[in-house]
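Please look at the aromatic side chains in the structure shown here, and at the charged groups that accompany them. The paragraphs below follow the ring pairs one after another.

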Amino acid sequence: LGGLAELFAGALVATELGRGLLGLVALRNHPRHRRTLRILCWSVVSGVLWMAGVFTPAARVPLWLLALTTHYLGPSLGWPVPGLGRATPAELQLTGRHLAERFQQVFVISLGELVLTAGLGYTRAGTGVAHTVAFVLVFATAVLLGLLYVTPAGQQLAPAIERADPTRFGAESAYLHLVIVGGVVATAAGAELVIIRPDHAGAVAFVVTGPALFLAGRLLLSTAIHRRLSWPRLVGVPLLAVIGVVTADLPLLVATAATTVLLSVVAVVERAGVFTARQVV
């Protein structure tokens with residue numbers, strides 16, 4: 001990553017520590033002050049790991065993976081700190097509406113990254129027919145991902161968190177959104193490649209991996225909310241793998257078109273309710 005490693009890790013650590021310090025000041029004499037202090041202590045530990053990865057390139061990947069694990073493991077454990085203990089259920093109590101809004105905001109940002117990447121790629125590639133078709137397909141994919149996220153469970157996330165345990169289900173939803181957003185980001189990476197080199201063959205994994213990851217995460221989120229399986233999404237994941245195999249030696253534009261068509265079918269069938277979801281025991 002060269003100089004970008006310092007920029008990336010430095011900005012991330014500064015944001016985490018700055019947020020924690022601001023929280024300590026804002027929540028002084030507030031019941032949540034101790035929880036904020038625990039989170040800050042964990043942020044310091046993960047921050048040390050992030051910066052250690054910057055200055056030791058040979059061990060950067062394992063150090064950063066450990067930092068990421070620390071970041072996401074803290075909430076599940078209640079951010080235990082010697083002398084402060086771990087957060088109590090009362091300290092972890094959150095509202096479903098707040099969590100749902102935060103999750104949706106992060107998803108919208110990732111979707112904006114996909115659209116921005118497509119636009120920048122199209123600007124660099126030129127307005128040739130193949131590049132234009134690729135751009136249109138990528139934009140359609142972005143619209144479909146947004147539609148598949150919102151309908152139907154995306155509109156019911158807040159009340160679902162409230163009905164369940166906001167502490168437990170909120171953390172579960174956060175991890176599932178990590179998969180969903182990861183799928184959108186991976187889709188953006190593939191979108192840039194297909195727009196710039198639509199006739200390139202042999203890199204189909206970049207095209208199908210992102211949508212497959214998104215559908216898998218979205219399927220798990222629907223299952224967690226409704227305790228039901230979405231058959232269109234369940235079938236869509238392996239079909240994306242089939243598309244990857246069938247179009248492995250074909251131009252990326254073909255794989256992108258097939259992926260967009262499949263996402264369209266999944267969205268239409270899902271909204272039409274052609275298949276009745278099955279109750280999960």
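Across the whole structure, a search finds seven aromatic pairs, where rings of Phe, Tyr and Trp (its six-membered ring) pair if their centres lie within 6.5 Å, and planes under 30 degrees apart count as stacked, over 60 as edge-to-face and the rest as tilted. This is a predicted model, in which local features need pLDDT of at least 70 and side-chain atom pairs count only at pLDDT 80 or more, while totals for chains, interfaces and linings use all residues. Residues are numbered from 1 along each chain as its sequence is written, and side-chain values use heavy atoms, with hydrogens and water left out.

One of the pairs is formed by W50 and W64, which are tilted at 55° between the planes and lie 5.4 Å apart, centre to centre. This pair links distant parts of the chain, 14 residues apart, with W50 in helix α2 (residues 33-55) and W64 in helix α3 (residues 60-77); helices are DSSP runs of H or I with at least four residues, numbered from the N terminus. Both tryptophans, W50 and W64, are buried, that is, under 20% relative accessible area with a 1.4 Å probe and protein chains only. Ring pairs also join F8 to W50 and W64 in a cluster.

The pair of F107 and Y149 is stacked, because the ring centres are 4.1 Å apart and the planes meet at 15°. F107 belongs to helix α5 (residues 96-125) and Y149 to helix α6 (residues 129-150), so that distant parts of the chain, 42 residues apart, are linked. F107 counts as buried because its relative accessibility is 3%, and Y149 likewise counts as buried at 3%.

Charged groups accompany two of these rings: R60 lies over the face of W64, at 5.7 Å from the ring centre, and the charged end of R218 sits over the ring of Y149, 5.9 Å from its centre. A charge sits over a ring if NZ of Lys or CZ of Arg is within 6 Å of the ring centre and within 35 degrees of the ring normal.

Methods:
Helix = DSSP H or I, 4+ residues; strand = E, 2+ residues; numbered from the N terminus. Buried < 20%, exposed > 50% of the residue type's maximum accessible area, 1.4 Å probe, protein only.
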